[in-house]
Amino acid sequence: MLQTLDLHPSDLGLPEKFTGFRPAQQDAVARINDFQGRFVTVSMPTGGGKSLTYIAAALFAGYRVCVLTMTKALQTQLLEDFGGCGLVDCRGRANFTCLKRPNSNCDQGSTAGCRAQMACPYRQQLEEAKNSQLVVTNLAYWIAMHQYGDGLGTFDMLIIDEAHEAPEAVCAAAAVEIEEREVLTLLKTRPPAEDMVAGSWSVWAEAELPKARSRADKLKANLATSGGGSDAEVANVKMWNNLVSKLEALAYVNFDWGCDRLRYGWNIEPLRAADHAERLLFLGIDRILLCSATLTRKTIQLLGIPDPAESDDVLHLDYPSDFPPQRNYLTYIPTINVSAKMGADEQARWLERIDSIIEARTDRKGIIHTTSYARTKLILERSRFSHMMLSYDSRDAQATIEHFKSTDQPCILIGPSITTGYDFPGTQCEYQILAKVPFPDTRSPILAARCAHDKSYSDYITMQTLIQTCGRAMRFKMDHCENFIVDDNIRWFMSRAGNTQAPNWFRRTYRKSDKIPAPPQRLLTAVSK
């Protein structure tokens with residue numbers, strides 16, 4: 001075992017910046033490789049080094065491994081960390097420029113009949129991935145490649161990072177979004193009479209599918225005879241191909257799915273990931289390793305994996321945090337119950353509490369998590385420290401976050417959704433303010449149906465988001481990050497869900513304080529691994 005051999009990361013070919021294994025990492029690598037069952041689930045606290053753990057386990061065993069991330073940002077981060085030991089990146093055609101049509105991406109070029117073969121940048125990275133021992137890709141591409149392509153070859157192990165997000169990601173990958181434009185304009189028909197009943201779409205799709213296939217085939221034939229066609233003709237073929245794929249997927253929908261009404265159409269999505277995880281995600285691979293800071297038995301249940309206590313085919317590893325809890329306290333400061341119904345006086349009290357926390361910390365960088373753009377706007381308009389704040393939306397989030405991470409000037413990143421996928425070690429962020437408990441938006445009929453089916457589901461989603469948010473800026477043992485929550489709803493939520501949905505290490509970080517604590521001494525530099 002690795003513990004007995006006392007290996008150094010360099011013995012496995014890992015990059016030089018990894019100077020040793022922590023005890024939990026050593027133990028996990030040894031137990032992963034000793035276990036003979038199919039599923040290993042690892043709960044390792046935020047900043048515990050889970051990526052080093054699973055890459056080391058793969059290299060130690062000599063497996064051919066695919067690592068799945070939930071986002072391209074995480075994919076890029078892993079490539080930066082482990083590209084030096086042979087990790088190869090693979091992502092979809094839309095990320096590459098077509099050689100034959102320079103103003104198009106490879107996805108559009110493929111529709112137009114581009115046959116660049118090995119000169120194609122997309123095909124080059126695909127072939128490199130198929131011949132590599134270690135591959136990283138995102139879950140959406142992984143599922144699409146096995147649904148509509150020939151995959152990435154045979155793997156000995158599948159590693160799923162941030163696996164707490166896998167249940168929702170599987171359901172989202174199986175989902176079908178159909179637009180009103182596609183129904184009314186392309187198919188020239190009407191949606192099913194019971195358009196909010198998912199099963200009704202199956203009967204409707206079966207009736208419309210022959211018409212769509214015929215139209216798509218005719219357009220593709222015309223494109224082939226015209227020698228590639230114009231950009232508009234290519235876009236039209238792609239549009240009809242996508243519609244055919246949607247109708248084919250809708251034909252298999254049943255009444256165990258749910259339906260959301262969107263501004264531009266409908267989203268039809270399965271309610272249970274367990275019904276689809278093997279078909280879309282696990283794919284019969286012999287060894288499955290799931291890792292997350294917040295992986296719980298609930299996550300395992302949602303994916304249809306047997307209970308570790310009842311199956312010899314599942315090993316669950318739950319590691320405590322080796323960070324002193326005082327370095328990453330989640331401090332509840334009694335303020336008000338935050339909601340959309342707050343009155344003017346309550347808003348003023350809430351805003352003043354946020355400003356009071358910032359006031360003693362204007363010499364460092366922090367993040368405010370708002371859960372909504374409306375609260376972001378309110379704080380930006382009325383905070384005394386709005387001049388220090390960097391806000392973002394879906395169009396410029398990446399650029400704004402990178403600017404925040406790289407600047408040496410004290411400032412505050414503010415927005416609703418930096419709960420996972422980004423790390424802010426050391427001086428990149430030394431405090432966070434959670435303006436509201438991150439309850440899920442149950443106005444969605446699909447989410448409401450899931451919560452009705454499973455009474456603990458809403459608490460599970462909330463706790464997962466809470467823990468991940470608090471962990472964004474606490475990455476290494478000598479790091480520190482103060483976390484504050486100014487929503488009184490946290491009292492009843494932690495009382496109800498703390499013991500069942502939160503790991504022990506996280507419960508140790510939660511405390512109440514009637515006064516805002518004085519800030520700790522500033523970190524002098526970014527903390528390195």
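Seven strands make up an open sheet here, ordered β13-β14-β12-β15-β16-β11-β17, and the pairing is parallel; to count as paired, two strands need at least two bridges between them in DSSP. β13 (389-391) and β17 (510-512) sit at the edges with a single partner strand each, so one side of each has no neighbour in the sheet. Helices (H or I, at least four residues) and strands (E, at least two) are DSSP runs, numbered from the N terminus.

This is a predicted model, where local features need pLDDT of at least 70, side-chain atom pairs count only at pLDDT 80 or more, and totals for chains, interfaces and linings use all residues. Residues are numbered from 1 along each chain as its sequence is written, and side-chain values use heavy atoms, with hydrogens and water left out.

**The chain overall**

- The protein chain holds 20 helices and 17 strands.
- Its mean pLDDT (the predictor's confidence in each residue, from 0 to 100) is 90, and 97% of the residues score at least 70.
- Among the elements, helix α1 (residues 2-5) has the lowest mean pLDDT, at 52, while α14 has the highest, at 98.
- A compact globule of 529 residues would have a radius of gyration near 24 Å, and the 25 Å of the protein chain agrees with that. The radius is taken over C-alpha atoms, and the globule rule is 2.2 Å times the number of residues to the power 0.38.
- Along its principal axes, the C-alpha trace spans about 75 × 65 × 50 Å.
- Of the 529 residues, 55% are buried. Buried means under 20% relative accessible area, exposed means over 50%, and partly exposed is in between (1.4 Å probe, protein chains only).
- If you take contacts (heavy atoms within 4.5 Å) with a separation of 6 or more, 77% of them join residues 24 or more positions apart.

**The β11-β17 sheet, strand by strand**

- On average, neighbouring strands of the sheet with the order β13-β14-β12-β15-β16-β11-β17 are turned by 25 degrees against each other, direction ignored. Axes are lines fitted to C-alpha atoms, for helices over the stretch in contact, and angles run from 0 to 180 degrees between N-to-C directions.
- Four bridges link β11 (residues 330-336) and β16 (residues 482-487) in the parallel sense, with Y332 partnered by I485 in β16.
- Helix α18 (residues 457-470) packs on this sheet and touches β11, β12, β15 and β16, its direction making about 155 degrees with that of β15.
- Helix α14 (residues 344-359) lies across β11, β12 (366-369), β13, β14 (412-415), β15 (431-434) and β16, and runs at about 150 degrees to β11.

**The other open sheet**

- Another seven strands form an open sheet in the order β3-β4-β2-β5-β9-β1-β10, with parallel pairing.
- The edges belong to β3 (87-89) and β10 (314-318); each has a single partner strand, so one side of each lacks a neighbour in the sheet.
- Neighbouring strands of this sheet are turned by 20 degrees against each other on average, direction ignored.
- β1 (residues 39-43) runs parallel to β9 and is joined to β9 by five bridges. T41 stands opposite L290, and F39 has I288 as its bridge partner in β9.
- β5 and β9 pair in the parallel sense over four bridges, and L158 stands opposite I288.
- β9 is mostly covered, with six of its six residues buried. R287, L289 and C291 point one way, I288, L290 and S292 the other.
- In a regular strand, side chains alternate between the two faces of the sheet.

**Loop residues to look at**

- D286 is in the loop between α12 (277-282) and β9 (287-292) and is exposed, with a relative accessible area of 61%. Not counting residues up to four places away in sequence, D286 touches R38 and D156.
- E162 sits in the loop between β5 (157-160) and α8 (166-174). E162 counts as buried at 5% relative accessibility and has a positive phi of about 50 degrees although it is not a glycine.
- K188, in the loop between α9 (180-186) and α10 (198-225), has a positive phi near 55 degrees, again in a residue other than glycine. K188 is exposed, with a relative accessible area of 66%.
- Most residues other than glycine have a negative phi.
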